[in-house]
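Here is a note to read with the model open beside you. Please check each point against the coordinates as you go.

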Amino acid sequence: EMSEIPKETLALWEKYGVGEADDKESFQKSFIRHVTTTLARSVYNIDNFSAYQATAHTVRDRLIKRWNDTQQAHTEVDPKRVYYLSLEFLLGRSLDNALLNLGLKENYGEGVKELGFRMEDILDEEVDAALGNGGLGRLAACYMDSLATLDYPAWGYGLRYTYGIFQQRLKDGFQVELPDYWLNFDNPWELPRLDVTIDVKFCGTVNRYTDETGKVRHVWVNEDKDTVQAVAYDVPIPGYGTKNCINIRLWSSKPKRKFNLKRFNEGQYEQAVQEQMEAENITAVLYPNDNHMVGKELRLKQQYFWVSASLSDIVRRFKKSSKPWDEFSYQVAIQLNDTHPTLAIVELQRILVDLEGIDWDEAWKIVTNTFAFTNHTILPEAMERWPVPMVQYLLPRHMQIIFDINLFFLQAVERAYPDDRELLAKLSIIEESTPQFVRMAHLAIVGSHRVNGVAALHSELLKKTIFKDFVRYYGDEKFDNKTNGITPRRWLHQANPKLSELITEALGSKNWLKNLELLKGLKSHVDKVDFRKRWVTAKHSNKVRLAEYIKKSTGIIVNPNALFDVQVKRIHEYKRQFMNILGVIHRYNALKKLTSQERADIVPRVVIFGGKAAPGYYIAKLVIKLINSVADVINNDNSIEDTLKVVFIPDYNVSVAEIIIPASDISQHISTAGTEASGTSNMKFVLNGGLILGTVDGANIEIHEEIGDDNIFMFGNLADQVDDLRHAHRYRNIPIDPSLQAVINDIESGHFGDSRIFAPLINTITHGKDYYLISDDFQSYLDAQKLVDEAYKDKEEWTKKSILCSANMGKFSSDRAIQEYAEQIWNIDPVPAKRS
Ligand code: GP0
């Protein structure tokens with residue numbers, strides 16, 4: 001305990017402890033010390049990369065101080081904590097974010113300048129931490145920023161993958177994947193906790209026995225070779241404008257230090273080494289699928305490895321306070337980010353019943369009061385189901401517990417709805433196929449006290465479709481909505497410094513960065529010509545910055561005065577990049593028909609794409625190829641006089657997004673209605689004064705509500721029409737939209753290269769069922785595009801729309817979202833770290 005340390009000792013620690021040292025001089029001192037000692041270099045031997053490392057290490061020292069103070073405050077107060085379990089944290093770069101959140105950017109910027117460097121160059125040396133696929137992983141990262149900023153006692157738990165999401169290259173217009181070995185150089189943003197290790201068991205068998213009280217108990221035993229070790233790596237997450245700095249604990253897998261001596265003695269050296277390597281494999285690679293389940297055994301191992309290490313850490317921390325078990329859910333809230341961590345429900349029940357000897361019902365009450373579950377999609381192919389035999393083999397005791405949870409649950413359902421066997425089959429956690437499957441979403445619902453979707457429409461659809469029968473049984477209080485949000489620190493302040501500065505000047509303070517509703521104050525500036533001019537200047541300089549990036553990464557030269565039309569996100573049929581490029585072909589053909597004089601009236605466009613396709617997603621990869629083939633033809637056709645350019649920016653990731661998003665005039669969020677749960681980049685674009693062209697889907701709907709009819713372009717069929725339209729495509733002969741047919745004919749004529757390559761893609765519309773309704777929405781899409789062209793001609797009006805977009809985005813701060821989770825689901829209070 002802290003009080004037992006002698007006064008003189010404490011005084012020494014105080015005297016020599018790491019100070020705050022945020023001024024320029026102490027930065028320079030620390031920078032040079034790190035160059036000399038940490039990097040073993042000198043003034044004669046330092047490049048931008050080592051300057052980055054020295055700067056990062058200087059900031060890291062400051063972060064660790066805050067991190068320690070925060071942990072100490074938590075230990076003293078011992079508040080209820082929230083644990084955010086996410087298989088993905090898509091953090092991107094950390095240096096700029098830390099400098100801005102800690103308020104060090106100015107001093108340190110001057111500091112490096114005097115030492116002969118430019119801060120921009122230094123920042124550009126950092127590699128992204130890309131431990132996620134897309135929206136879900138980036139949401140987790142934004143939420144950590146808000147939890148830290150709002151002083152909540154929170155932890156993230158995830159995996160420290162050796163390889164993040166693959167790097168995308170283009171070869172002849174096709175995507176090729178390269179491994180992302182991001183830990184190649186040292187990673188200053190993690191604190192290895194080589195002393196925090198946890199054994200994680202796999203396989204083995206379950207023994208029953210009767211304990212001293214006469215109760216039947218279970219013990220899970222396995223062989224040493226089937227146990228792996230989890231090692232903790234801590235990633236500090238600083239809040240903005242607070243001393244608070246929270247932690248994401250990422251687990252890395254290691255073989256148990258104890259060698260299998262028997263095998264070595266028996267001369268089975270290779271096999272023993274093999275077993276060691278298999279342990280390290282568990283956290284080797286992030287699965288590169290977005291919105292799609294692939295039932296690989298290694299993925300299930302990842303999930304249990306992570307869940308088991310995290311829960312034993314959480315339980316250990318709870319036990320330190322010696323509170324009784326029935327207070328567990330008053331001290332601990334666990335949020336399940338999608339179904340990936342659902343085994344945590346089973347693991348906690350196992351810990352309580354098998355290890356702690358608590359009665360089943362009492363344990364189950366603790367479990368369900370602890371967990372809450374966020375669903376991120378209703379796409380059927382994304383639903384996690386694990387074969388019962390696979391679970392039985394890897395986790396024999398957990399499989400028993402799942403069967404018991406299901407039995408008691410279905411018994412309760414039966415009591416409420418006697419003889420409704422169909423209902424039992426529909427609700428069951430076990431799918432009665434051959435083999436049987438565990439339905440993870442069902443398990444997550446049954447084991448949680450709250451289930452939420454991520455936008456209003458999505459949460460309604462959950463209740464009306466895939467979770468309908470659960471609503472019937474539980475009532476609808478268990479199901480609610482928490483509309484997603486984004487952090488304005490990274491997505492405006494950091495990514496768009498020019499606009500951030502203008503906003504701060506107009507509003508008279510930086511308070512909007514902590515209270516995004518204050519952006520409403522921009523409305524009174526809309527009619528000021530000078531303010532609008534500066535708004536346009538900021539946008540223009542972002543477009544110049546993007547044009548430079550495009551030239552550097554693709555060689556294509558684009559005009560920053562053109563309308564920048566952007567669609568960047570994972571490549572998916574449901575997100576309909578295919579419809580976008582078909583629309584581009586339509587536009588191109590129309591442009592070619594114009595006279596030179598007519599073309600002079602046309603607003604030139606640059607259509608920008610970016611995004612990765614899952615390596616095994618054949619159709620998505622064809623979409624990338626088609627975009628590049630179309631770009632090749634259009635960009636080299638001088639006859640259209642630069643009225644249209646098409647760009648596919650390779651390797652879209654967080655730091656590329658930070659360049660693209662502030663530069664967009666219009667961005668496309670055009671998923672088939674009802675398929676995109678929320679979308680979060682839509683929020684980022686609008687916050688940066690970009691208008692959106694979107695379908696009536698996900699958070700587009702709520703953005704529309706906030707910013708008003710005049711500032712958004714919405715089109716397409718509605719979610720409640722989708723079923724009927726799909727039915728019609730299947731069973732009736734629906735003629736293809738004529739404009740769309742013309743575009744398809746053009747592709748098939750070989751205008752964009754050998755059309756045989758694209759046949760499987762075109763077949764998804766013609767010979768398939770047009771499942772994503774491209775034909776049904778195409779005319780409406782083209783009409784909306786026409787409105788965009790018209791509106792952009794009136795620059796003053798467009799700028800007003802752009803300002804009103806930003807001004808009305810207060811709701812979409814992740815601070816708002818996190819506050820709702822904290823107050824309505826987790827029941828936690830802020831614990832400010834003390835200044836020291
Ligand atoms: C949803 F199910 N999302 C999944 C998944 O596997 N991966 C993923 O990124 C996304 C949704 O598609 C979303 O609509 C949503 O905003 C995001 O999760 C966060 O809730 C994409 O923007």
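1. **Model and domains.** This is a predicted model. The protein chain is divided into three parts: domain 1 (21-77 + 97-127), domain 2 (80-93 + 128-195 + 229-382 + 440-483) and domain 3 (488-719 + 778-812). Taken over C-alpha atoms, the centres of domain 1 and domain 3 are 35 Å apart.

2. **Where the ligand sits.** Which domains give residues to the shell around the ligand? Domain 2 and domain 3 both do, so the ligand lies between them. The residues around the ligand number 19. Gly135, Leu136, His376, Thr377 and Ser678 come nearest.

3. The shell around the ligand holds 11 polar residues, five nonpolar ones and three charged ones.

4. **The nine-stranded sheet.** Nine strands make an open sheet with mixed pairing. The order is E7-E10-E11-E4-E1-E12-E13-E17-E18. Strand E7 (191-201) and strand E18 (479-481) stand at the edges. Each has a single partner strand, so one side of each is left without a neighbour in the sheet. Neighbouring strands of this sheet are turned by 25° against each other on average, direction ignored.

5. **Antiparallel pairs in this sheet.** E7 and E10 pair in the antiparallel sense, over eight bridges. Here Leu191 stands opposite Asp234 in E10. E10 and E11 also run antiparallel, joined by 11 bridges. In that pair, Val231 faces Ser252 in E11. The hairpin of E10 and E11 has six residues between the strands. Look there for Gly241, which takes a positive phi near 65°.

6. **A parallel pair.** How do strand E1 and strand E4 run, parallel or antiparallel? Strand E1 (residues 81-85) and strand E4 (residues 154-159) run parallel, and four bridges join them. Leu85 stands opposite Tyr157 in E4.

7. Helix H3 (residues 48-77) lies across strand E10 (227-238) and strand E11 (245-255). H3 runs at about 100° to E11. Helix H18 (residues 456-464) packs on the sheet too, touching strand E17 (450-453) and E18. The direction of H18 makes about 165° with that of E18.

8. **The six-stranded sheet.** A second open sheet has six strands, in the order E21-E20-E19-E22-E23-E24, with parallel pairing. Strand E21 (644-649) and strand E24 (713-715) stand at the edges. Each of these has a single partner strand, so one side of each is left without a neighbour in the sheet. The twist averages 20° from one strand to the next.

9. Strand E19 (residues 563-568) and strand E20 (residues 605-610) run parallel and are joined by six bridges. Gln567 stands opposite Phe609 in E20. Helix H25 (residues 618-635) packs on this sheet and touches E20 and E21. Its direction makes about 145° with that of E21.

10. **Helix H28.** Which residues of helix H28 (residues 700-707) are buried? They are Asn700, Ile701, Glu702, Ile703 and Ile707. These residues pack against H18, strand E22 (666-669), helix H27 (681-687), strand E23 (691-695) and helix H33 (795-807). After H28 comes Gly708, with a positive phi near 90°.

11. **Lys569.** This residue is found in the loop between E19 and helix H23 (577-593). Is Lys569 buried or exposed? The cut-off for buried is 20 or more other C-beta atoms within 10 Å. Lys569 has 26, so it is buried. Leaving aside neighbours within four places in sequence, Lys569 is in contact with Gly134, Lys575, Gly611 and Ser681. The C-alpha atoms of Lys569 and Phe437 are separated by 31 Å, and the two residues are 132 residues apart along the chain.

12. **Pro389.** Pro389 has its place in helix H14 (residues 388-394). Pro389 has 12, so it is exposed. Pro389 and Asn481 are 92 residues apart along the chain, and 35 Å separate their C-alpha atoms.

Terms used: Residues are numbered from 1 along each chain as its sequence is written. This is a predicted model: local features need pLDDT of at least 70, side-chain atom pairs count only at pLDDT 80 or more; totals for chains, interfaces and linings use all residues. A residue is near a molecule or strand if its C-beta atom, placed from the backbone, lies within 6 Å of it. Ala, Val, Leu, Ile, Met, Phe, Trp, Tyr, Cys and Pro count as nonpolar, Asp, Glu, Lys and Arg as charged, and the others, Gly among them, as polar. Domain bounds come from an automatic or database domain assignment. Two strands pair if DSSP finds at least two bridges between them. Helices (H or I, at least four residues) and strands (E, at least two) are DSSP runs, numbered from the N terminus. Axes are lines fitted to C-alpha atoms, for helices over the stretch in contact, and angles run from 0 to 180 degrees between N-to-C directions. Two residues are in contact if their C-beta atoms, placed from the backbone, lie within 7 Å.
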